[in-house]
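Hi,

Here is the structure I promised to pass on to you. My notes follow below it.

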Amino acid sequence: MNRILISLPLLLSTFIVNASATPTDNLNFKKTFQSTEGVVTFDHGAHAYGRVKDCSECHSALKTFGNKVNELFAHNFCKACHESYNAPTECSGCHKQ
Ligand code: HEC
Ligand code: HEC
Ligand code: HEC
């Protein structure tokens with residue numbers, strides 16, 4: 001009986017550590033978008049860890065765009081959040097020549 005009481009929290013904490021360790025590596029990527037205005041580099045890791053509290057803040061909106069960023073999404077959704085977070089909103093803040 002005592003054994004079960006001791007090992008259950010141990011089992012649970014092992015599970016939690018493993019569950020959070022895997023996605024961390026997958027989500028630290030950068031994605032570049034080519035355009036006539038200049039290339040845009042989106043740092044997923046930086047956005048997903050620290051900048052934005054909740055994955056769904058972006059991913060529920062992105063879902064309605066088939067999970068792919070397009071110009072409409074970038075110039076409305078990305079930019080709208082940048083306005084409220086005091087992040088780059090001018091063209092050259094996102095597009096680098
Ligand atoms: C600031 C917005 C934003 C936040 C916050 C965010 N993501 Fe993303 N995520 C994106 C964008 C943009 C893409 C790339 C979409 C594309 O391919 O055009 C992406 C792609 C992904 C992918 C696909 C990677 C691949 O190989 O194509 C996964 C998985 C993912 N995100 C998971 C997460 C998780 C989990 C979180 C929270 C910890 C998170 N994202 C937070 C915007 C965000
Ligand atoms: C918040 C970041 C951001 C800002 C600010 C921004 N853009 Fe973009 N823009 C993007 C992203 C990301 C794409 C790529 C979308 C895609 O690949 O479909 C894009 C796409 C474009 C395209 C389409 C290019 C093509 O060749 O198909 C043009 C043109 C463009 N932007 C011009 C501008 C101009 C002009 C401004 C300033 C008035 C501006 N952008 C501001 C992120 C931004
Ligand atoms: C939910 C809020 C939010 C969304 C959505 C968002 N960003 Fe950002 N972004 C930020 C914040 C916060 C910063 C950091 C501002 C600072 O610290 O100067 C930032 C910074 C940036 C920068 C400056 C370079 C860097 O990484 O520091 C680029 C480029 C950028 N974002 C592109 C994008 C693109 C493209 C999208 C859409 C696919 C997007 N962002 C969506 C909040 C957001």
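**What surrounds the ligand**

The residues of the shell around ligand 1 fall into 9 nonpolar, 4 polar and 3 charged. Here Ala, Val, Leu, Ile, Met, Phe, Trp, Tyr, Cys and Pro count as nonpolar, Asp, Glu, Lys and Arg as charged, and the others, Gly among them, as polar. Before you read on, please keep in mind that this is a predicted model, in which local features need pLDDT of at least 70, side-chain atom pairs count only at pLDDT 80 or more, and totals for chains, interfaces and linings use all residues. Residues are numbered from 1 along each chain as its sequence is written, while chains are lettered from A and ligands numbered from 1 in the order in which they are written.

There are 16 residues around ligand 1, and those that come nearest are H47, A48, V52, C55 and C58 (a residue is near a molecule if its C-beta atom, placed from the backbone, lies within 6 Å of it). Two or more residues of this shell come from each of α1 (2-27), α2 (44-51) and α3 (56-63). The most, 4 residues, come from α3.

**The fold**

The chain has 5 helices and 3 strands, which are DSSP runs numbered from the N terminus (helices: H or I, at least four residues; strands: E, at least two). Along the sequence they follow the pattern α-β-β-α-α-α-α-β. β1 (residues 30-33) and β2 (residues 39-43) pair in the antiparallel sense over 4 bridges; pairing asks that DSSP finds at least two bridges between the strands. F33 has V40 in β2 as its bridge partner. The hairpin of β1 and β2 has 5 residues between the strands, and G38 in this hairpin takes a positive phi near 120°.

Of the 97 residues of the chain, 1% count as buried (20 or more other C-beta atoms within 10 Å of a residue's own; exposed means 12 or fewer, partly exposed in between, with C-beta atoms placed from the backbone).

**Two asparagines to look at**

N67 is not a glycine, yet it has a positive phi of about 60°. You will find N67 in the loop between α3 and α4 (71-85). Why does N67 count as exposed? Because N67 has 8 C-beta neighbours inside 10 Å.

N86 also has a positive phi of about 60° without being a glycine, and N86 lies in the loop between α4 and α5 (91-94). N86 counts as exposed because it has 7 C-beta neighbours inside 10 Å.

Best wishes
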